[in-house]
Each structure stands twice: as structure tokens, then as C-alpha cells.
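Reader: Please walk me through how to read a ligand shell and a metal site.

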Amino acid sequence: MKEACLLLVAFVFGLAAVDVRAEPDPHSYAEPDIVAVRALDLELDVDFARQQLSGTAMLTLDWRDPLAHSLVLDTRDLAIESIQGVAADGTTVDLAYTQDPRDPIFGSALRIDTKTAVPNVRIRYHTSPQASGLQWMTPAQTASGKQPFMFSQSQAIHARSWVPLQDTPSVRFTYTAHVTAPKALRVVMSADNDIAHALDGDYRFRMQQPIPSYLLAISVGELDVRSTGPRTAVFAEPSVVAKAAKEFEDTEAMIAAAEKLYGAYRWERYDILVLPASFPFGGMENPRVTFATPTVIAGDKSLVGLIAHELAHSWSGNLVTNANAQHMWLNEGFTSYVENRIVEAVYGKQEADMQLVVSAQELHTEMQGMKAREQLLVTNLEGIDPDEGLSGVPYDKGSWFLRFLESRYGRDAFDPFLRAYFDHFAFHSITTPDFLRYYSENLEGKFPGKVSSADIDAWLHQPGIPSFAPIPHSARFDAVDKAAADFLAGKLAARKLPARHWVTYEWLRFLNALPEKPSIAQMQALDKAWKLTGTGNGEIAFRWYVATVRAGYTQARPEIAAFIERIGRRKLVVPIYSELAKSEDGKAFAIAVYKKAKPGYHPMTQASVEKALGL
Ligand code: BES
Ligand code: ZN
């Protein structure tokens with residue numbers, strides 16, 4: 001009955017009826033079926049001396065159950081000072097609350113007795129210097145060395161370490177923020193940044209589109225800004241901003257390519273914030289301002305696929321969002337698919353194909369070391385830290401599934417289907433069954449017989465890659481493979497490799513062709529001819545350094561140490577630590593380097609490295 005009424009209301013007002021069915025989020029204490037946060041208003045002061053954010057968070061509530069009066073929020077290491085209920089006329093009343101003991105993965109539920117279904121609550125609080133979602137850096141840890149720096153990384157469940165909220169992607173809210181910070185520093189948030197804002201230490205932000213909590217983001221530091229197009233700019237430390245603007249000059253072309261495929265960009269501006277090298281990820285799709293590692297700047301645009309990826313999230317992820325991390329492939333698989341379509345449109349099919357082949361090959365390698373249940377697209381993550389569930393599966397198996405659908409239905413049918421999917425579920429959070437219902441109705445139903453339900457089941461619920469998957473191929477790699485085989489067979493000297501004009505992905509292909517244990521002589525010859533040790537390209541560097549460790553080519557160690565001390569991006573450093581940890585002598589070296597690197601690492605990178613080293 002209730003559903004029928006909703007459908008009727010939707011019909012009368014001309015709204016699309018969106019069939020989305022709720023599923024509990026195993027990573028949040030919130031109870032959005034009872035009450036949902038609709039808006040957040042932050043008042044925060046940034047204190048570098050104390051390494052804390054302090055102030056208030058006002059939450060506007062939508063009581064689904066009008067008789068309820070209990071609001072449960074997620075927090076982690078937050079010090080709650082007081083909580084008030086705020087009535088529609090602004091009158092306030094103090095509210096009683098309790099904070100559960102801290103769970104190491106999920107933090108502490110904050111249980112507020114609101115007495116009645118109050119429209120707003122205001123929470124006065126401050127963060128801990130150990131907040132898992134913030135990295136506080138001293139001036140010495142930045143490029144210029146002059147000013148301190150701070151940035152957030154909220155995904156997967158770290159927003160709760162800097163704002164008390166319902167930390168689940170099944171809840172969406174709008175937000176405003178008033179942030180005070182030391183003068184001379186710029187504050188950037190996942191909202192309407194003003195690139196001409198005076199450095200006066202007083203910033204106001206507004207995010208009018210409803211977003212999930214993992215897209216809340218803030219950064220404060222000595223940041224310059226340079227415009228790169230009508231709706232694009234880069235923020236970066238002064239010594240980095242010019243290089244960054246050059247590297248990312250194609251961003252507007254990428255947006256235009258994505259719009260042509262999937263409809264209007266709905267977030268107004270798309271800026272890029274280049275963070276210090278300790279940023280633990282490659283990129284983070286914070287709305288209106290992607291946060292990015294400086295290691296994406298290779299100098300030749302060869303790694304800007306990462307920007308295409310974060311931009312693609314403006315459709316897959318930020319617009320249509322996975323309702324919880326068990327359906328992460330809806331975010332990352334769709335995004336990796338869209339990323340490749342953008343790369344194809346802007347840089348051509350050759351480049352896009354090379355990227356596909358490398359990710360397919362690396363997915364196969366990665367899956368060989370994974371349990372069957374870890375290879376499933378839809379996973380059960382109850383009790384599991386969502387940061388640990390990260391693998392190539394939601395990304396590369398997810399996008400491969402969509403390429404499979406594309407190959408069966410053809411782009412003429414599949415492209416409009418995806419575009420309509422983004423429109424249909426825009427600003428909703430969905431699960432795999434929601435996607436499947438929409439797929440059955442709008443693709444399978446219209447073109448029956450092209451894909452069976454057994455095919456779909458194999459992709460979603462069976463380990464590995466189905467035998468009937470389309471195999472990506474790159475003609476340019478044929479020459480690389482031939483050269484690699486000849487080199488490894490001793491038929492071609494390292495300096496005779498046809499590599500003078502190899503682009504980054506050709507090098508990645510070559511490095512992936514090296515055997516489990518190359519000889520020291522082979523490594524020496526390659527290094528002498530092509531100067532791989534010390535390369536400024538992070539993707540080439542980490543694969544090469546792993547190979548040097550396997551080979552026992554210890555001459556590379558000083559450069560390895562420099563690399564992992566300078567960079568904190570997990571993907572680039574953790575494989576090197578893991579490989580070093582396999583021998584006693586390597587492990588001792590790794591631990592010594594880690595001791596020096598640790599203070600500069602983000603808490604997430606510290607945790608991953610310590611796990612790799614068994615510390
Ligand atoms: N949203 C992810 C990063 C993420 C995922 C953070 C899950 C925390 C939990 C982002 O879009 C991403 O996928 N980044 C990749 C880059 C990419 C080109 C695959 C990364 O950081 O390596
Ligand atoms: Zn992503």
C-alpha cells in the first residue's frame with residue numbers, strides 16, 4: 001500500500017519511480033530505516049598545533065518512523081563534548097547520549113536519545129590526532145617545506161573519524177561548511193571551491209547535490225591554483241602546480257568525451273587537487289575536486305588514465321552509488337569501464353587496448369593468489385574491514401563483465417543503456433539486484449537471447465574469469481612480446497631492444513614478461529641500457545623494483561630506499577615491501593627503510609606496510 005502511494009505520488013509529480021530496495025550495511029551502526037540524515041552543516045576550526053578539527057556538526061533529520069527517538073551515528077576516536085536537539089524555531093535542548101566501546105574496525109556507535117523526533121541535532125566535538133581519515137603533515141613533509149598540510153581520505157569508512165554521521169553510502173545528504181584555518185593556507189573541500197578566494201583563513205562551502213559520507217573531503221595547505229579550462233583547474237603546492245596544469249591539460253576533453261557517451265556532467269566544476277606524495281591512493285573521486293597523488297604526473301601524460309578514472313566516478317559512484325561495500329563493483333567496475341572508454345575517445349584505441357591488456361593480465365596473476373570467495377564480484381564483507389577487501393576484482397573483473405555485455409549487445413545498444421542507467425538511478429544508492437532488475441527490463445528484455453542468466457551468474461557469483469569472456473588484444477604488444485622473448489632467450493641484447501619509443505604501457509608489458517627470477521646479468525644489462533633504476537615513472541618503477549628484488553640485483557637498493565621514503569601511495573610501495581620481506585636480508589633492509597619512512601606515511605599506508613613486514 002505504502003509503495004503504491006509512493007508510485008502514485010511519483011507519477012503525479014512526473015518523477016521517475018526508482019525501484020531501489022534497501023539492504024543493511026555491515027559497516028555502519030546507523031539505522032537509516034528509522035531516521036536518515038538529509039543535511040549536514042559543519043563549523044570547523046583547523047588547528048595544526050593540536051592536529052585537530054574542532055567545532056560543531058548540525059544534522060538535519062528525516063524521521064522515517066515518527067514515533068522513534070533514538071539516533072545512532074558512527075564515530076571513531078571522536079571526542080564528543082555536547083549534543084543538543086534543535087527545534088524548527090531554533091530553540092535548543094540538551095540531549096543525553098552514550099558512546100559504545102571502540103571496535104577496532106568500525107569505531108564507536110554514538111547513541112543519542114532525542115526524546116522526540118527532533119528536526120535537527122547539533123554535536124560539539126573534536127577529532128583525535130590519530131584520526132584514521134586525516135593525515136597531518138609537518139612543513140618538512142611537504143614539497144616547499146614552509147607550511148603544514150592536512151588532507152582527508154574518507155573512503156571507505158573514515159569519514160566517521162572526522163565527522164559524527166551515518167557513515168554508510170546508502171545515506172545521501174547535502175552539506176555546508178564554515179572552516180577557519182591559519183591565514184596563508186587554502187582550504188579545499190568536495191564542494192563549490194572558489195578558485196579566486198582570498199587567503200584569509202575563512203572559508204565557506206556548499207554542496208547542493210546529495211552525496212554519501214565517503215565523498216566528504218577537506219584539505220588545507222599551501223596551495224596554488226591554476227585554471228586549465230572553462231570548468232577545470234588544478235590545486236597543488238606552488239612548486240608542482242605548473243607541471244600539474246600541463247599534465248592535466250586534457251581534462252576538459254575528457255569531460256566532453258564522457259558527456260557525449262553518458263550525458264551531462266552534473267557537478268559543475270571538475271578540479272584536481274594534487275596532494276603531497278604521502279597520499280595513500282592514486283586518486284579519490286571527491287565530487288568537484290578529485291584528490292590525486294603527484295605520482296600520476298609522469299611528464300608525458302602516460303598515467304592520466306587515473307584522471308579519466310576519477311572523472312568517470314562523476315557518473316559511476318558519485319551519481320549512482322553502491323549502497324554498501326559488498327557491491328563495490330558497481331562503483332569501481334563501472335568506473336574502470338568508463339575510464340577505458342574515455343581513454344579510447346581522447347587518446348585512441350591503441351592506448352586504451354594496451355591498458356586493458358595489462359589490467360587483464362595482472363588480474364589473472366593476482367587471482368592466482370586469491371581464495372575462491374575473494375574472486376567473486378558480489379562479496380560478503382560482514383565483520384571484514386572494507387579497506388582489506390580491496391583487490392583488482394571489483395575493478396578489472398567488474399569492467400570486464402561490462403565489456404562482455406558490450407560485446408554481446410553491441411555499442412549501439414549498450415551505450416544508450418548505460419546512459420539511461422546513470423539517469424535512472426542518479427543520486428540513488430543501489431545494490432547488484434537493483435542493477436540486475438534494471439538490466440533485465442532495459443537490455444536483456446529488449447534484446448533477448450544474447451546473454452543467458454547462467455552467463456550473468458558466472459560473472460557475478462563464480463570465481464575466476466568466465467571461459468567465454470572476450471579476450472582483449474593489443475597489436476602493439478605483439479612486438480614487445482617478441483622482443484621480450486628474444487631478450488630472455490639470449491638472442492637479443494638489452495641495448496638492442498626496440499624500446500627507444502616505447503610508451504609507458506609497453507614498458508609495463510615488458511616488465512610483466514620477466515620471469516619469476518630474472519638473472520642479475522639480465523637486470524644489469526637492462527639497467528645499463530635503459531636506466532630503469534631511478535625512473536621518474538612510478539608505475540614502471542614499482543614493477544622494476546619488485547623484479548630487482550626477485551633477481552637479487554641489490555645495486556638498486558639505494559634508489560628503492562629513496563622511492564619508498566618519498567612516496568606513500570600504497571599500490572606503489574606495498575608490493576616492494578612484500579617482495580623484500582621474502583628474504584631475511586631483504587626484510588632487514590625493508591624494516592630499516594620503513595623506520596625512516598614511517599613518520600611520513602599516512603596511517604593506512606603504515607598499516608599495510610606493517611602487515612606486509614609482519615610487524
Ligand atoms: N575510490 C577509489 C579509491 C578507494 C577505493 C579508496 C576503496 C578507498 C576504498 C578510487 O577511485 C580509485 O579507484 N583509485 C585508484 C586509481 C585507479 C586508476 C584504479 C587508486 O588509487 O589506485
Ligand atoms: Zn575508483
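Author: By class, 7 nonpolar, 6 polar and 4 charged residues make up the shell around ligand 1. Ala, Val, Leu, Ile, Met, Phe, Trp, Tyr, Cys and Pro count as nonpolar, Asp, Glu, Lys and Arg as charged, and the others, Gly among them, as polar. This is a predicted model, where local features need pLDDT of at least 70 and side-chain atom pairs pLDDT 80 or more, while totals for chains, interfaces and linings use all residues. Residues are numbered from 1 along each chain as its sequence is written, and side-chain values use heavy atoms, without hydrogens and water.

Reader: Which residues come nearest to ligand 1?

Author: A residue is near a molecule if one of its heavy atoms lies within 4 Å of it. Here, Gln-155, Gly-282, Glu-285, Glu-310 and Tyr-395 come nearest, out of 17 residues around ligand 1.

Reader: Which polar side-chain atom lies 2.9 Å from an oxygen atom of ligand 1?

Author: A polar contact is a pair of N or O atoms within 3.5 Å. The atom in question belongs to His-313. Glu-332 has a polar side-chain atom 3.0 Å from a nitrogen atom of the ligand.

Reader: What are the protein donors of the zinc ion (ligand 2)?

Author: Donors are N, O and S atoms within 2.8 Å of the metal (3.2 Å for Na, K and Ca); water is not among the atoms, so sites may look incomplete. For this zinc ion, they are His-309 (NE2), His-313 (NE2) and Glu-332 (OE), at 1.9 to 2.1 Å. Their spacing along the chain is H-x3-H-x18-E.

Technical notes:
Chains are lettered from A and ligands numbered from 1 in the order in which they are written. A polar contact is a pair of N or O atoms within 3.5 Å; within protein, one must be able to donate a hydrogen and the other to accept it, and residues adjacent in sequence count only if both atoms are side-chain atoms.
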